[in-house]
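Hi,

Here is the structure I said I'd send over. Have a look, then read on for what turned up.

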Amino acid sequence: MNNFKVAVVIPTLNEERFIEGCLQSVMKQTFPFEEMDVMVVDGGSKDKTRDIVNSISEKHPNVRLLPNPGKIQSIAFNIGVKESTAPYIVRLDAHASYCKEYIETCVKHLMEDPTVGNSGGVWDIQPQRPELVPEASAILNQVKFGIGGASYRVGAAEGYADEVPFGSYPREVIDEVGGMREDLARGEDNEFYSRIKKAGYKIYLDPKAVITYYARDTFKGNMKQMYANGLSIGKLLFIDHESVGLRHLVPLAFVISLIGSLILGCIWTPLFGLFGLALGTYLLADIAATISACRKFGWKYLLVLLLLFFLVHVSYGWGTIIGILKR
């Protein structure tokens with residue numbers, strides 16, 4: 001273990017469709033594979049995820065399968081940090097694959113600049129299969145109106161950023177600020193990044209570190225994911241409001257405007273006009289964003305994107321409300 005320079009932590013739960021591709025991309029890195037301590041930290045998969053990882057481990061002893069009784073990603077990350085002595089920790093997602101320079105690029109920034117406490121790259125978002133809804137889901141994740149316009153989603157120049165996907169960290173930074181909060185099933189990275197920045201470190205984004213991320217492929221999958229993300233934002237408002245950006249609260253404002261105007265309309269019927277105003281304003285923005293996306297990606301996605309935008313925004317906003325109520 002003392003020879004490993006990088007600990008690669010990959011939380012998993014039922015990722016049989018993606019874990020092999022993820023690990024293959026790790027093995028093809030320009031950073032020496034033999035210097036990586038690769039840990040797949042599994043939350044109790046019921047599919048073939050564990051079998052696939054065990055099969056790879058038989059050929060590559062530095063690939064390990066570790067149990068995660070807590071199931072969630074923050075606990076998986078902390079387990080990986082504790083199980084290795086490598087000076088750099090790279091957190092990967094099993095639902096993605098990574099360009100061959102990814103780990104070398106991220107670690108290089110950590111080694112060259114001691115003020116960088118987290119480095120990462122950008123997403124190349126792809127559909128899981130060549131069908132209308134999966135392809136529209138990938139488009140949703142690439143446009144600002146869809147999922148908020150984070151720089152790593154929509155493209156950004158190299159430099160300091162507010163956030164990066166997944167992240168890479170010097171062990172000494174984790175030792176200083178502590179691990180990820182294990183009471184957060186989602187949004188743990190937002191809160192973790194906030195602590196890193198409060199400790200005086202910077203986050204560095206390099207577009208040369210490309211992550212091929214596979215978007216959810218159904219309406220239900222997108223709604224479930226966005227509800228969970230919104231739920232985490234509601235909780236984070238009480239834990240660390242500085243980790244929540246204005247863009248995270250826009251869906252909340254939209255859903256509250258709809259619910260509030262309906263309630264007011266029940267009290268005094270003319271106020272139902274406020275509901276029409278709120279919904280009409282949103283639909284105009286939805287239509288404009290959909291037309292803009294279709295001009296770039298194709299008109300066959302018109303109806304799907306119109307509906308998908310609305311469903312994910314309502315799901316996110318409603319999740320935030322429930323997160324606030326649950327504290």
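This is a predicted model: local features need pLDDT of at least 70, side-chain atom pairs count only at pLDDT 80 or more; totals for chains, interfaces and linings use all residues.

Helix 11 has the largest share, with four residues. I259 sits in helix 11, and it counts as partly exposed because its relative accessibility is 33%, between the 20% and 50% cut-offs.

Helix 12: this helix is 26 residues long and spans 37 Å from first to last C-alpha, close to the 38 Å you'd expect at 1.5 Å a residue. Its buried residues are A278, Y282, D286, A289, T290, A293 and C294. An α-helix has 3.6 residues a turn, so residues three or four places apart point the same way. What do the buried residues of helix 12 pack against? They pack against helix 5 (132-140), helix 6 (144-147), helix 11 and helix 13 (302-326).

The lysine: K224 belongs to helix 10 (residues 219-239). At 63% relative accessibility, K224 counts as exposed, since the cut-off is over 50%. K224 and S45 are 179 residues apart along the chain, and their C-alpha atoms are separated by 19 Å.

Cheers

Methods:
Residues are numbered from 1 along each chain as its sequence is written. Side-chain values use heavy atoms; hydrogens and water are left out. Helices (H or I, at least four residues) and strands (E, at least two) are DSSP runs, numbered from the N terminus. Buried means under 20% relative accessible area, exposed over 50%, partly exposed in between (1.4 Å probe, protein chains only). The expected span of a helix is 1.5 Å times one less than its number of residues. Contact means heavy atoms within 4.5 Å.
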